[in-house]
Amino acid sequence: MSGLRVVIYYVVAFLGMWVLQRIMPLFPRFGLTHIAVVSAAVALVTYGITEMPGGYASAYGRAVLAWLAGTGVMSLYLTILPRYTGHPYAYFESALALGALIGAAELAVAPKTAETAEPER
């Protein structure tokens, strides 16, 4: 399922950036090629971060890790962009919004670990 999770992260990041730049007035505007490259970076880093604890993190823990990874990658990426908006926190809010989408996607597809599964009787 690991390859499928990377694809899911990529699709969620791609669609999330594409939709958020249309509904959030301060979200930076990118072309589709630009969105594709940034989405690949977000997907790969998020997958790497969520796999670091192995099978010991719960589904909620993996979702928090995915949220932090998505927000972190977008924050780092958006800080290298020139500031086109007058609001100093616009890019951080944009990164938080995309990170929340990535975290929700991880919560939806997170594998159930032995610690979170119902115990046998």
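In this predicted model, helices α3 and α4 pack at an angle of about 150°, with their axes 7 Å apart. Angles over 145 degrees count as roughly antiparallel, and α3 and α4 are therefore roughly antiparallel to each other. The crossing in which α3 passes α4 is right-handed. On the α3 side, the contact is made by A59, Y60, R62, A63, A66, W67, G70, T71, M74, S75 and L78. On the α4 side, the contributing residues are Y91, F92, S94, A95, L96, L98, G99, A100, I102, G103, E106 and L107. By class, the contact of α3 with α4 comprises 15 nonpolar, six polar and two charged residues.

From α2, the residues in contact are H34, V38, A41, V42, V45, T46, I49, T50 and E51. From α3, they are R62, L65, A66, A69, G70, V73, M74 and Y77. The contact of α2 with α3 holds eleven nonpolar, four polar and two charged residues.

Two packed helices are described by the angle between their axes and the distance between the axes. The table sets out these values for both pairs.

| Helix pair | Angle between axes | Distance between axes |
|---|---|---|
| α3 and α4 | about 150° | 7 Å |

The largest nonpolar core has 19 residues. Within this core, the residues with the most contacts are M17, F30, V42, M74 and L78. The elements giving two or more residues to the core are α1 (2-23), α2, α3 and α4 (90-109). Helix α3 supplies the largest share, five residues. Leaving aside its neighbours within four places in sequence, F30 is in contact with M17, Q21, I35, Y77, L78 and L81.

As for the chain as a whole, the protein has four helices and zero strands, and its elements run α-α-α-α from the N terminus on. Of the 121 residues, 38% count as buried. Among contacts with a separation of 6 or more, 71% are accounted for by residues 24 or more positions apart.

Note on methods:
Residues are numbered from 1 along each chain as its sequence is written. This is a predicted model: local features need pLDDT of at least 70, side-chain atom pairs count only at pLDDT 80 or more; totals for chains, interfaces and linings use all residues. Side-chain values use heavy atoms; hydrogens and water are left out. Contact means heavy atoms within 4.5 Å. Ala, Val, Leu, Ile, Met, Phe, Trp, Tyr, Cys and Pro count as nonpolar, Asp, Glu, Lys and Arg as charged, and the others, Gly among them, as polar. A nonpolar core is a set of buried Ala, Val, Leu, Ile, Met, Phe, Trp, Tyr and Cys residues joined through side-chain atoms within 4.5 Å. Buried means under 20% relative accessible area, exposed over 50%, partly exposed in between (1.4 Å probe, protein chains only). Axes are lines fitted to C-alpha atoms, for helices over the stretch in contact, and angles run from 0 to 180 degrees between N-to-C directions. Angles under 35 degrees count as roughly parallel, over 145 as roughly antiparallel, 65 to 115 as roughly perpendicular and the rest as oblique. A crossing is left-handed if the near helix is turned anticlockwise from the far one by less than a right angle, and right-handed if clockwise.
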